[in-house]
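Please keep the sequence and the model in view while reading.

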Amino acid sequence: MDLPQCLVAVYLLLVSLAQCQHYYLLRPIPSDTLPLLELKEDPEPIYDPREKDLNETELRSALGDFDSRFLSVSPPQDRYTGNEDLEELDLQQQNPTGLMPKDIKNLDLDVQWGKKRKASKKLKRRLQMWLWSYSFCPVLYAWNDLGARFWPRFVRAGSCYSKRSCSVPEGMVCKPAKSTHITLLRWRCVQRRGALKCAWIPVQYPIITECKCSCAN
């Protein structure tokens, strides 16, 4: 594509975005409760499980389903898995996965340029792919150590890329859109009749599974 065509392509893109910007502003905002805030624990070691409470065979039996994609008993070799440490340029060059969003696929790019010509199908496709790639919000996964009072203590949690805006014009950001829950065991201690009683209890831990380009506020 030569320079005049590039300039026309950018013009077409901005015109189309200006026409649909009101649609973006009306999109629902995903929940802001993810990722989870850091849990504040009582530092007293009396509330920690003892060695006899960490029998892996018994804990696996109590837990049931053990999803090794998101759970690990021992520290993973690499904390970051996937694309957590990608540079911005590398992130922009990633190929989006899944179906092209309808709001991008249905953009009106039939604006005349030059004297009589309209943008070709190939140019329209390039514009759509560029916008899709720019607004693509991958889930960035990293292993988190939840501490000795969770079993398994290492969880592969997701987050959304937040180093730049994902829209043109700027203003929208990547936010959590979907999540799932995995079951962990939580060491819980309570005072009963003057004695400290502790036991492993199952808890649900949310994991981000999808991020979307959404309004900042």
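## What is counted

A salt bridge is a side-chain nitrogen of Lys or Arg that lies within 4 Å of a carboxyl oxygen of Asp or Glu. By this definition, a search of the whole structure finds seven salt bridges.

The model is predicted, and for that reason local features need pLDDT of at least 70 and side-chain atom pairs count only at pLDDT 80 or more, whereas totals for chains, interfaces and linings use all residues. Residues are numbered from 1 along each chain as its sequence is written, and side-chain values use heavy atoms, with hydrogens and water left out.

## A pair within a helix

E56 and R60 form a salt bridge in which the closest N and O atoms are 3.0 Å apart. Both residues belong to helix α2 (residues 56-63), where they are four residues apart, about one turn of the helix; a helix here is a DSSP run of H or I with at least four residues, numbered from the N terminus.

## Pairs with a buried aspartate

R50 and D53 meet through their side chains in a salt bridge of 3.2 Å, N to O, and D53 is buried, with a relative accessible area of 15%.

In the salt bridge between R69 and D67, the closest N and O atoms are 2.8 Å apart. Here D67 counts as buried at 18%, while R69 counts as exposed at 56%.

## A network

Elsewhere, salt bridges that share partners join K178, E210 and K212 into one network.

How values were computed
Buried < 20%, exposed > 50% of the residue type's maximum accessible area, 1.4 Å probe, protein only. Helix = DSSP H or I, 4+ residues; strand = E, 2+ residues; numbered from the N terminus.
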